[in-house]
Amino acid sequence: MPILLNRCAWCSDDPLYQNYHDYEWGVPLHDDQALFELLCLEGAQAGLSWITILKKRAHYRLVFDGFDAQKMANYDAEKVASLLSDAGIIRNRAKVAAFIGNATAYLKLREETGSFADFLWQFVNHQTIISHWTSPKDALATSPESEAMSKALKKRGFKFVGPTICYAFMQASGMVDDHSPDCWKRHPS
């Protein structure tokens, strides 16, 4: 008989979602490229559910050249038109433009600071914040850290990086451990 694991309430019985929850969400991520991809995808999620983006993630990787920022920053009008006609992604002009603009901002930030990961992790003092909420009503949607990250990213030209998106990004990238109290992935307090 298979072992049933308690997972966070947002994680449905969809195997793709469960795998994401169990092996990616909340795992500390320090790779510049992977963090750039995740930040873009979190922005694409705005107004949608994460499962929608997760189901399209492989196609996003394909059409956005593996989130190679150098290539993305040089997309021309023809490439943008191709992306906006591709049903495999969210065909929102502002979100597609944000991916391209964020690629330029990312390259500039890396050139100036040397590490996108170090820049982002500074907002949590380079260590995971362990949440101690006990009821779903106590769970956060933003934090002082996500507000500071949002402000700093916007100042550097990033789009779709509001405090709520940044908080979701921080959860997903392991900067915040926000697994529910009964979740098998919850960090011991």
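**Aromatic pairs and their surroundings**

Author: Searching the whole structure gives 14 aromatic pairs, where rings of Phe, Tyr and Trp (its six-membered ring) pair if their centres lie within 6.5 Å, and planes under 30 degrees apart count as stacked, over 60 as edge-to-face and the rest as tilted. This is a predicted model, in which local features need pLDDT of at least 70 and side-chain atom pairs count only at pLDDT 80 or more, while totals for chains, interfaces and linings use all residues. Residues are numbered from 1 along each chain as its sequence is written, and side-chain values use heavy atoms, with hydrogens and water left out.

Reader: How are Trp 10 and Trp 25 arranged as a pair?

Author: Trp 10 and Trp 25 are edge-to-face, at 4.9 Å centre to centre and with 70° between the planes. Trp 10 lies in the segment before helix H1 (15-23) and Trp 25 in the loop between H1 and helix H2 (32-45), so the pair ties together parts that are 15 residues apart in sequence. Helices here are DSSP runs (H or I, at least four residues), numbered from the N terminus.

Reader: Is Trp 25 buried or exposed?

Author: Trp 25 counts as buried, at 8% relative accessibility, whereas Trp 10 is partly exposed, with a relative accessible area of 31%. Buried means under 20% relative accessible area, exposed over 50%, and partly exposed in between (1.4 Å probe, protein chains only).

Reader: And what about Phe 64 and Phe 67, which kind of pair do they form?

Author: Phe 64 and Phe 67 are stacked, with 5.9 Å centre to centre and 15° between the planes. Phe 64 is buried at a relative accessible area of 0%, and Phe 67 is buried with a value of 0%. Both belong to one aromatic cluster, whose members include Phe 36, Tyr 60, Tyr 75 and Phe 116. Lys 79 lies over the face of Tyr 75, at 5.0 Å from the ring centre; the criterion is that NZ of Lys or CZ of Arg is within 6 Å of the ring centre and within 35 degrees of the ring normal.

Reader: Going back to H1, which of its residues are buried?

Author: In H1 these are Tyr 17, Tyr 20, His 21 and Asp 22, and the buried residues of H1 pack against helix H3 (50-63) and helix H9 (163-172). Tyr 17, at 8% relative accessibility, is in contact (heavy atoms within 4.5 Å) with Trp 10, Cys 11, Ser 12, Trp 50, Ile 51 and Leu 54, leaving aside its neighbours within four places in sequence.

Reader: Which residues touch the most other members of the largest nonpolar core?

Author: Among its 53 residues, those are Tyr 60, Phe 64, Phe 116 and Leu 153. A nonpolar core is a set of buried Ala, Val, Leu, Ile, Met, Phe, Trp, Tyr and Cys residues joined through side-chain atoms within 4.5 Å. Setting aside neighbours within four places in sequence, the contacts of Leu 153 include Leu 39, Phe 119 and Cys 166.

Conventions:
Helix = DSSP H or I, 4+ residues; strand = E, 2+ residues; numbered from the N terminus.
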